[in-house]
Amino acid sequence: MDDEILSGSRAFLVKLGTQLLPGSLSEIQYVVDVNTGEHRPAHRLEKNEIARCVVELSRPIPADTFDRHRTVGELILIDRLTNATSACGVVQKVFRSQEKGDREITPALRAKRLGQTPFVILADSLQAAGEIENALLSRSLHTLTVRERGENLLFAVDLLRQAGLISVLAGDSLDEKTEQKLRVALQGGPLVDLRAGGPAEDRALYENMVNYAFY
């Protein structure tokens, strides 16, 4: 119901019955094609699209499916910054907290909760890094420009990746030795080189990152 893209990287206020509490869209299972009824995989939702999603709440509350109890079976997602109604829906299944069990907190789980892949991005300069960070933040992606050098830079990138964040690095702060260590530490993992002369496929991958909040 909102012009803003709806993705798993956004947190909301969830109105369910008479309750209003923080929550998040943790998974988009599929989008429904309104013309054919086909279920299509998706990482984000545009305005007026219909989908089946998983919504997680900050604490347990009374809830039921819409066909059993309409009052506690319909919900509204409210943007926490603007108070605009982002989406509305009905409950088809309720997961109780005891059914979820204890799960080990891993870097992959943190990234999934944020709805993104923890890429490392190389920019030409600190100014370019800031522009990239702003572009990603405008898409509700969780990112940070790293201003450290040498071993401190490597340590900072490792922490941000474990937290599920996208790291943006100024290429002029990387000497050849540090960059080599960084690539070894990533073990062929997600590194996007946006410096002048960088691979064209990396630029295309970055455009997908900006336009699609994906994990």
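**Note on the predicted model: loops, salt bridges and a helix pair**

1. Asparagine 48 lies in the loop between E5 and E6. The model is a predicted one, in which local features need pLDDT of at least 70 and side-chain atom pairs count only at pLDDT 80 or more, while totals for chains, interfaces and linings use all residues. Residues are numbered from 1 along each chain as its sequence is written, and side-chain values use heavy atoms, with hydrogens and water left out. Helices (H or I, at least four residues) and strands (E, at least two) are DSSP runs, numbered from the N terminus.

2. The phi of asparagine 48 is near 75 degrees, a positive value in a residue other than glycine. Most residues other than glycine have a negative phi. Asparagine 48 is exposed, at 62% relative accessibility; buried means under 20% relative accessible area, exposed over 50%, and partly exposed in between (1.4 Å probe, protein chains only). Asparagine 83 also has a positive phi, of about 65 degrees, although it is not a glycine. Asparagine 83 belongs to the loop between strand E7 (74-79) and strand E8 (85-90), and it is exposed, with a relative accessible area of 57%.

3. The loop that holds asparagine 48 also contains lysine 47. The side chain of lysine 47 forms a salt bridge with that of aspartate 3 (3.3 Å, N to O); the term denotes a side-chain nitrogen of Lys or Arg within 4 Å of a carboxyl oxygen of Asp or Glu. Lysine 47 sits between strand E5 (44-45) and strand E6 (50-57), and aspartate 3 in the segment before strand E1 (6-7), so the pair ties together parts that are 44 residues apart in sequence. Lysine 47 is partly exposed at 41% relative accessibility, whereas aspartate 3 is exposed at 63%.

4. By the salt-bridge rule, the count comes to 8. Among them, glutamate 46 pairs with arginine 44, the closest N and O atoms being 2.8 Å apart. Glutamate 46 is partly exposed, with a relative accessible area of 35%, but arginine 44 is buried at 17%. Another salt bridge joins aspartate 64 to arginine 68 (3.0 Å, N to O); here aspartate 64 is buried at 18% relative accessibility and arginine 68 is exposed at 64%.

5. Helix H4 (residues 150-162) packs with helix H5 (residues 176-186) at an angle of about 25 degrees, their axes being 10 Å apart. H4 is therefore roughly parallel to H5. Axes are lines fitted to C-alpha atoms, for helices over the stretch in contact, and angles run from 0 to 180 degrees between N-to-C directions; those under 35 degrees count as roughly parallel, over 145 as roughly antiparallel, 65 to 115 as roughly perpendicular and the rest as oblique.

6. On the H4 side, the contact (heavy atoms within 4.5 Å) is made by Gly150, Glu151, Leu153, Leu154, Val157 and Arg161, and on the H5 side by Thr178, Lys181, Leu182, Ala185 and Leu186. These residues divide into 6 nonpolar, 2 polar and 3 charged. Ala, Val, Leu, Ile, Met, Phe, Trp, Tyr, Cys and Pro count as nonpolar, Asp, Glu, Lys and Arg as charged, and the others, Gly among them, as polar.

7. The protein as a whole has 6 helices and 12 strands. Of its 215 residues, 39% count as buried. Residues 24 or more positions apart account for 63% of the contacts with a separation of 6 or more.
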